[in-house]
Amino acid sequence: MLRLDKLLADAGKGTRSQVKEYIRRGRVTVNDGVCKKPEQKVSEEDLVCLDGQAVGYVRFRYYMLHKPQGVITATDDSRDKTVLDLLTGINTAHISPVGRLDKDTEGLLLLTNDGELAHRLLSPKRHVDKCYLARTEKPLSEADLQALEAGVDIGDEKPTLPARACLNQDGALLLTIREGRYHQVKRMLQAVGNQVIYLKRLSFGSLKLPEDLEIGQFRALTKDEQERLQHDVAGYNAGEESLPF
Ligand code: URA
C-alpha cells in the first residue's frame with residue numbers, strides 16, 4: 001500500500017505538491033469514486049485515474065541527468081552538492097546513481113531505484129560501452145590512439161581491455177571503453193604520457209546524452225530507452241573476456 005499522491009508522483013504525473021493539488025481539485029478517482037485525500041492508501045489492485053486516464057503503479061524509475069562539474073556522484077554529502085540534489089521535484093527515495101563520474105567530469109549519468117539493472121550495467125563481465133569526450137593537455141598521435149585501443153597499463157593487475165579511440169574535428173578524443181575502473185579515462189591518458197583537462201560522458205550503453213538536455217537538467221527515461229538498457233545487459237555469455245568491436 002502506498003499513498004495516492006506518491007503513486008501519482010512516482011508515475012511521473014507531477015511533483016508531489018502538484019499531484020496533491022490535482023487530488024484536491026477532484027481530478028483523481030480511485031475505483032470510480034473521486035478521492036480528494038492525498039494521504040489515501042492505495043494498492044496495486046486499485047484502479048487510479050487522473051482525468052479519466054488510468055495511472056499505473058510504477059515500481060522502478062529511471063532518470064538521466066546531465067551532470068555538471070563540481071557536483072559529486074553520491075546520494076548524500078555534508079559538504080558538496082550531490083547529483084541527487086539536482087533531481088528536484090521528484091521522490092528520490094531509493095534512487096541511486098549507476099556508477100560514478102568524478103567531481104570534475106560532466107555528462108550522462110543514469111539514476112534509478114532498479115538495483116538489479118544497475119548491478120548488471122556495472123558488472124565488468126557485461127562490457128557495457130561508455131563513450132567519453134576528453135580534451136587533453138597535448139595533441140594525441142596516431143600511436144597514442146592505437147595504444148589506447150589495444151589496451152594500456154594503468155597500474156592495475158591487468159591492462160585495459162580493447163577500446164575505441166578517435167579524434168573529432170576539434171582534436172578532442174572520443175574514447176569508448178567497456179570497463180569502469182576508477183579514474184579510468186584519466187589514467188589511460190596518463191599511460192600515454194598525457195593529461196585529461198576536460199572530460200564528458202556522451203553515452204552509457206544504448207543511452208545517449210540528448211543534445212537538448214541542458215547541463216544540470218534531468219528527465220525520466222522513455223519506455224523505449226528503458227527497454228534498450230535491459231537489452232544492453234541481456235545475453236551475456238559467461239567466460240567472454242573481451243568482445244570484438
Ligand atoms: N574516467 C575518469 O577518469 N573519470 C570519470 O569521471 C569517468 C571515467
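1. Start with the ligand: a polar side-chain atom of threonine 105 lies 2.8 Å from one of its oxygen atoms. That is a polar contact, meaning a pair of N or O atoms within 3.5 Å. Glutamine 184 uses a polar backbone atom, 3.5 Å from a ligand oxygen, and a backbone N or O atom of valine 185 lies 3.1 Å from a ligand nitrogen. The protein covers 95% of the 240 Å² of accessible area that the ligand has on its own (Shrake-Rupley method, 1.4 Å probe).

2. Keep in mind that this is a predicted model, where local features need pLDDT of at least 70, side-chain atom pairs count only at pLDDT 80 or more, and totals for chains, interfaces and linings use all residues. Residues are numbered from 1 along each chain as its sequence is written, and side-chain values use heavy atoms, with hydrogens and water left out.

3. Who else is around the ligand? Among them are Leu101, Asp102, Tyr132 and His183, each with a heavy atom within 4 Å. Helix 5 (residues 184-191) gives the most to this shell, with three residues; helices here are DSSP runs of H or I, at least four residues, and strands are runs of E, at least two.

4. Now the aromatic pair, the one that the structure holds. Tyrosine 63 and phenylalanine 218 sit edge-to-face, 5.9 Å centre to centre with 75 degrees between the planes (centres within 6.5 Å; planes under 30 degrees apart are stacked, over 60 edge-to-face, the rest tilted). Tyrosine 63 is in strand 7 and phenylalanine 218 in strand 15, so the pair ties together parts 155 residues apart in sequence.

Conventions. Rings of Phe, Tyr and Trp (its six-membered ring) pair if their centres lie within 6.5 Å; planes under 30 degrees apart count as stacked, over 60 as edge-to-face and the rest as tilted. A polar contact is a pair of N or O atoms within 3.5 Å; within protein, one must be able to donate a hydrogen and the other to accept it, and residues adjacent in sequence count only if both atoms are side-chain atoms.
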